[in-house]
Amino acid sequence: MPKAAYTAGVRRIVLPVSSSSPSRAREFLRSLLDTWGIDGNLREDGALLVTEMVTNAVVHAKTPVVVEVTKGVRTVEVAVSDMGGGSVQLQDPRPDSVTGRGLRLVDSMASEWSVTEHETGKTVRFSLDLHDAAAGLPC
């Protein structure tokens with residue numbers, strides 16, 4: 001069972017190396033956004049992006065995954081961390097490829113995103129702009 005926690009404005013869940021972890025991350029984020037009264041495009045965009053990032057971590061890093069979600073005044077930030085080596089890079093998949101599009105989705109849908117490599121692995125962060133959601137604009 002994944003562990004969820006609340007620490008200083010950050011909601012966190014630790015997920016195992018499991019094919020069910022992406023869907024658990026998606027439901028975790030949706031539940032938080034529902035609690036915060038955030039719905040529509042931002043909710044669904046965030047759910048898609050966290051699913052993609054957790055899938056990447058499970059498939060490539062093969063380590064437990066930590067998902068942290070922070071609601072700011074203007075953004076929701078999601079950080080997905082794993083303990084795997086290797087770098088994260090934008091891919092240019094072939095049209096018939098079934099993989100390689102996750103980070104492209106983050107790049108096109110997130111307000112901002114970044115990758116931080118550290119001694120114990122890496123963290124991919126993305127932000128979704130709450131102003132876009134409030135204005136009814138696509139995120």
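What is the mean pLDDT of the protein, and what percentage of its residues reach 70 or more?

**View 1. Confidence across the predicted model.** The mean pLDDT, which is the predictor's confidence in each residue on a scale from 0 to 100, is 84 for the protein, and 78% of its residues reach 70 or more. Over residues 134–139 the pLDDT is below 50, although in the model this stretch has eleven contacts beyond near neighbours in sequence, a contact meaning heavy atoms within 4.5 Å. Where pLDDT is low, the predicted coordinates should not be read in detail. Because this is a predicted model, local features need pLDDT of at least 70 and side-chain atom pairs count only at pLDDT 80 or more, whereas totals for chains, interfaces and linings use all residues. Residues are numbered from 1 along each chain as its sequence is written, and side-chain values use heavy atoms, with hydrogens and water left out.

**View 2. Strand E4 and its two partners.** Helices (H or I, at least four residues) and strands (E, at least two) are DSSP runs, numbered from the N terminus. Strand E4 covers residues 75–82, and six of its eight residues are buried, so this strand is largely enclosed by the rest of the structure; buried means under 20% relative accessible area, exposed over 50%, and partly exposed in between (1.4 Å probe, protein chains only). Two strands pair if DSSP finds at least two bridges between them, and seven bridges join strand E3 (residues 65–71) to E4, the two running antiparallel. E3 and E4 form a hairpin, with three residues between them. E4 also pairs with strand E6 (residues 121–129) in the antiparallel sense, over eight bridges. Val-80 in E4 stands opposite Val-67, and Val-80 also stands opposite Val-124 in E6.

View 3. The side chains of Glu-77 and Arg-125 meet in a salt bridge at 3.6 Å, N to O, where the term requires a side-chain nitrogen of Lys or Arg within 4 Å of a carboxyl oxygen of Asp or Glu. This pair links distant parts of the chain, with Glu-77 in strand E4 and Arg-125 in strand E6, 48 residues apart. Glu-77 is partly exposed, with a relative accessible area of 30%, and Arg-125 also counts as partly exposed, at 28% relative accessibility.

View 4. The structure holds seven salt bridges, and one of them joins Arg-30 to Glu-44, with the closest N and O atoms 2.8 Å apart. Arg-30 lies in helix H1 (residues 21–35) and Glu-44 in helix H2 (residues 40–61), so the pair ties together parts that are 14 residues apart in sequence. Arg-30 is buried, with a relative accessible area of 19%, whereas Glu-44 is partly exposed at 34%. Asp-34 forms a salt bridge with Arg-43, their closest N and O atoms being 2.7 Å apart; Asp-34 is partly exposed at 44% relative accessibility, while Arg-43 is buried at 18%.

**View 5. The largest nonpolar core.** A nonpolar core is a set of buried Ala, Val, Leu, Ile, Met, Phe, Trp, Tyr and Cys residues joined through side-chain atoms within 4.5 Å. The largest has 29 residues, and Val-50, Val-54, Val-67, Val-78 and Phe-126 have the most contacts inside it. The largest share of this core, seven residues, comes from H2. Leaving aside neighbours within four places in sequence, Val-54 is in contact with several residues, among them Leu-15, Ala-25, Val-67 and Val-80.
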